[in-house]
Amino acid sequence: MLYIVPIVLLTCSCGGETGTGESQEKITDQPLTQQEETQDTTLQNVAEVSIRATGGEELESMDYDQDTIEVKTGTLVKLTFTNEGKDPKMIYNMVFTKEGYSAQAAQKGGRAGASGNYLPDSSLLLAASPLALPGQTVTMEFTVPDTAGVFEFVNTYPSETPLMKGKLIVKE
């Protein structure tokens, strides 16, 4: 019984201010820092790009319907990628990499296998789409660098298809 009285008093004293429902703001000398949860793209250039893997019924004839994408520096790219393949083996993606590394990215992606989503190590990547099964459309978003340059995109899913690739040109 004696233990109950201190607990009740302690509980009552921890309630803080009552009645108004308002709490006082704490004043601090610490500088305020903004913590950004989502990227604000209000003033950012946005490029909506649609690319298709086309070519018919044969694996060897499949290719991207465009081999060049041009955007301004710092642009948010909203990419829609459609795989028009018919055969179950026609699985494709789009991996964006540094210029001159598309063949290496495709080889390393093939070695990464299904457990690695057929993606090369991240030092080669600018961005990568999900795998698109035959007849499937996937989407992705990424921001290109703030400096002009040339990047490449390539399919890294191993197949009998000749190297599917193209260029991403980032201009001032």
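**View 1. Glu152 sits in strand β8.** In this predicted model, strand β8 covers residues 149-154, and Glu152 is one of its members. Is Glu152 buried or exposed? With a relative accessible area of 8%, Glu152 counts as buried, because that value is under the 20% cut-off.

**View 2. The side chain of Glu152 has polar partners.** Here we follow the side chain of Glu152 to the backbone nitrogen of Gly100, which it reaches at 3.3 Å. The side chain of Lys167 is a polar partner of the Glu152 side chain as well, and that contact is also listed at 3.3 Å.

**View 3. Glu152 and its contacts from elsewhere in the sequence.** Which residues touch Glu152 once its neighbours within four places in sequence are left aside? One run of contacts goes through Val95, Phe96, Thr97, Lys98, Glu99, Gly100, Tyr101 and Ser102. Gly166, Lys167 and Leu168 complete the list.

**View 4. Stepping back to the protein chain.** Zooming out, the chain holds 2 helices and 9 strands, and from the N terminus on their order is α-β-β-β-β-β-α-β-β-β-β. The chain has 172 residues, and 32% of them count as buried; Glu152 is one of the buried residues. Of the contacts between residues at least 6 apart in sequence, 73% link residues at least 24 apart. As for the surface, the accessible area of the chain is about 11,400 Å², with 51% belonging to carbon and sulfur atoms.

Terms used
Residues are numbered from 1 along each chain as its sequence is written. This is a predicted model: local features need pLDDT of at least 70, side-chain atom pairs count only at pLDDT 80 or more; totals for chains, interfaces and linings use all residues. Side-chain values use heavy atoms; hydrogens and water are left out. Helices (H or I, at least four residues) and strands (E, at least two) are DSSP runs, numbered from the N terminus. Buried means under 20% relative accessible area, exposed over 50%, partly exposed in between (1.4 Å probe, protein chains only). A polar contact is a pair of N or O atoms within 3.5 Å; within protein, one must be able to donate a hydrogen and the other to accept it, and residues adjacent in sequence count only if both atoms are side-chain atoms. Contact means heavy atoms within 4.5 Å. Accessible areas come from the Shrake-Rupley method with a 1.4 Å probe; for residues, only the protein chains shown count as cover.
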